[in-house]
Amino acid sequence: MLFLSVFFISLALLSYEIFLMRVFSITSWSHFAYMAISVALLGCGASGTFITVFQKRLRENFPAAFSIFSFLFSLFIFFSFVAIQKIPFEPLQIVWYGRQYGYLLGEYLVLFLPFFLGATCIGLSFQHLPGEINKVYFSNMAGSGVGALLIVLLMFFLSPRYLLVIIVLFSFLATIIFALSLKTRWNLVIIISSLILAILFFFSPLEMRISPYKSLSTTLKLPQAKILTQRSSPYGLLTVVESPAIRYAPGLSLNFFGELPSQLALFIDGDSQCAITHFTGDLSEFEYLDYMTSALPYHLLEEPRVLILGSGGGSEVLSALYHQADFTEAVEVNSQVIDLVKKDFSDFSGRIYSRVDVQTVVAEARGFVESRTDKYDLIQLSLLDSFSASSAGVYALSESYLYTREAFQCFLGALSSGGVVSVTRWIKMPPRDGIKIFATAVEALEKMGVKEAASHLIFIRSWATSTLLIGSSPFSEGEIWAAREFAGQRGFDLIWYPGISLRETNRYHILPQAYYYEACRSILSSKREEFYDDYLFCVQPARDNSPYFFCFFKWKFLPHLIRTMGKEWIPFIEWGYVVLIATLLQASLVSFLLILLPLFFLRKQKVPRVRRLKVLLYFLFLGIAYMFIEMSFIQRFILFLRSPIYAVSVVIFSFLLFSGWGSLFSRRIKTRKLSGIVISVVAIVIISLVYLAGLKTVFSLFLSTSDGIRIAISVALIAPLAFFMGIPFPLGLTRVAREFPSHLPWAWGINGCFSVIGAVLATTLAISWGFNLVTGLALCLYVSSFLVLR
């Protein structure tokens, strides 16, 4: 019964963590939640400290302690969620309003409790069954793995409200299962109370408080604005809003004086706005689409075959139809977006996604292009994020495989002769997005053997957007003339075309100097690396190994930013990266305190300091190394599985489940001369190195197969590595329990603390040096853990 209870508690814990990340993505931004949740997860580390301090009393009263903590865990899962919706914490106000720090502390404390209570139940189980640690760890890892997969699957069918209830029911189930094994009069009380509360929670109304700074909140303040429908899935909460005042035409030329058709606003997670446009069948109503920078490629191509990556509500599809595209293929990762346009609002949208000359595909854009052999005249990437979130820097930690050098090479390889890749981005000041896109295009062309990359590029901007055209062939004189005419008639500024001069730039939307033109010239010159090094922001191209296109932060220029902008630089430059560093610092500080505190209570134990240091280092290395490899593999499998949702759920599920099996069989993995730890560490190093060298080759062989086959291959690839990764922890913990049992909960707490630090540190390192380095460091840590134990 105990093992089953641990399974369901672990399931509820990881499900709740993923659920909170989803909720915070809707109500605020996931990066601000990252800090609060990471600190809350240190509750796992705090549980080790708590058990260490009170271990004698807890050991003597294990049945009562486990029952109470599991029951409270179920209660606080529900009440912590309700409480954080009542706390008026607004991250974007924290620079100006000191009370926001108090609200942030309140979120920490509220989120801390359920994780602390659940982890304490698991820690108590390790202490109660020191001879069966491998079985307890198996239950813990298997439950966590199932929880990671189950919560993602349920997100396709249930709204956040019902997801929370399901998680609470699983936690109460753990309490009831353990209570059934008790032979006391309290077991009936616990069971009945759990059942009553579960029913009450099921019928309790729950609401999510969305930040007033998100686009959805501001749109709902428009005249007669109302929500027409909502859809929820792991890809986001879709909200369709109606208002006669809604007008969505990013970067529309100031020379356009016509009318825009009626539109509905479509939001993903309260932000990332696009539009569903009213279409009666008369394409002449969409003249405004010809006055946007993204329309430029249609003036260079005749009746092109078009591929739109991220079709959203269909604005780019309408633009292709207006410009007489021969055929349009629209790729959208979220099937619910397609369904809204194709079914729910089919009459309003004019059934654009059901036309014979339009084909919709539900897929991740990069994976779709890599798996196809078709050629296109135009590949369009337009504004896949919102202006407000992009300008606030909240995407700094969002990996994107659409804007890496390898992605641009992939897109260029899918073009027909004379074809064009068109990339549209928001204008931000100081300039960075457009410059980084230009640098990425230049290096992609050079990597493909193009000697004169400058002749393959045309770059323009409006007051809000910029569009870069990347040609598979050098642009002709006629195409350059057409681009100049297009920009001049619409009041768009020319940034680059083959043969451009300084006096032709910065004429309409005037900047203090021609920043974009000067940056483009530097990137195309022999002084490129010097420019990268001296520019205020990181504009070097992102790579698949470090796909953080939206991270522009440079530590060396932080003093300059503070000197010129004061503390106000934070919310307008790189919020996401600041949150990451703050999380790492806070997690490290709290972990330091949680690890040192138990030593005060363990000082009477006659354990040499050197052995305590070995325990500390062993579980520290394991905690960080495990997270380093897990996060690295999530990134590696995103492209193969063509979906970040699939990658996260499949990789986490596989790692946790097979690590659990490794734990279960850990005592059998040994020989007369080699211990299980030696065998597992050697196996981890060998398998990881083989994967680093050959994983891309394996992926390329199966890239065009079905989702089911690719998922099965992913699980098969992860299984052997995860199996051996599940061995060192239970064997090390068993050894601690045998030689100095009083230190067992301390070791459990160390591993929990540094698992949190490992997750944050992996992202920090990957942004600067890539995931290959993160994997290499993980292998060094595994080898170090073996050396420490010797």
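**A first tour**

The accessible surface of the protein chain comes to about 30800 Å², and 62% of that belongs to carbon and sulfur atoms; such areas come from the Shrake-Rupley method with a 1.4 Å probe, and for residues only the protein chains shown count as cover. This is a predicted model, where local features need pLDDT of at least 70, side-chain atom pairs count only at pLDDT 80 or more, and totals for chains, interfaces and linings use all residues. Residues are numbered from 1 along each chain as its sequence is written, and side-chain values use heavy atoms, leaving out hydrogens and water.

User: What radius of gyration does the protein chain have?

Analyst: The radius is taken over C-alpha atoms, and the globule rule is 2.2 Å times the number of residues to the power 0.38. For 790 residues, that rule puts a compact globule near 28 Å. The protein chain agrees with this, at 28 Å.

User: Is Ser311 buried or exposed?

Analyst: Ser311 sits in the loop between strand 5 (305–309) and helix 11 (315–322); helices (H or I, at least four residues) and strands (E, at least two) are DSSP runs numbered from the N terminus. Buried means under 20% relative accessible area, exposed over 50%, and partly exposed in between (1.4 Å probe, protein chains only). Because its relative accessibility is 4%, Ser311 counts as buried.

User: How far apart in space are Ser311 and Val331?

Analyst: Val331 is among the residues that Ser311 touches, a contact meaning heavy atoms within 4.5 Å. In sequence, Ser311 and Val331 are 20 residues apart. In space, their C-alpha to C-alpha distance is 5.9 Å.

Notes:
Lists of a residue's contacts leave out its neighbours within four places in sequence.
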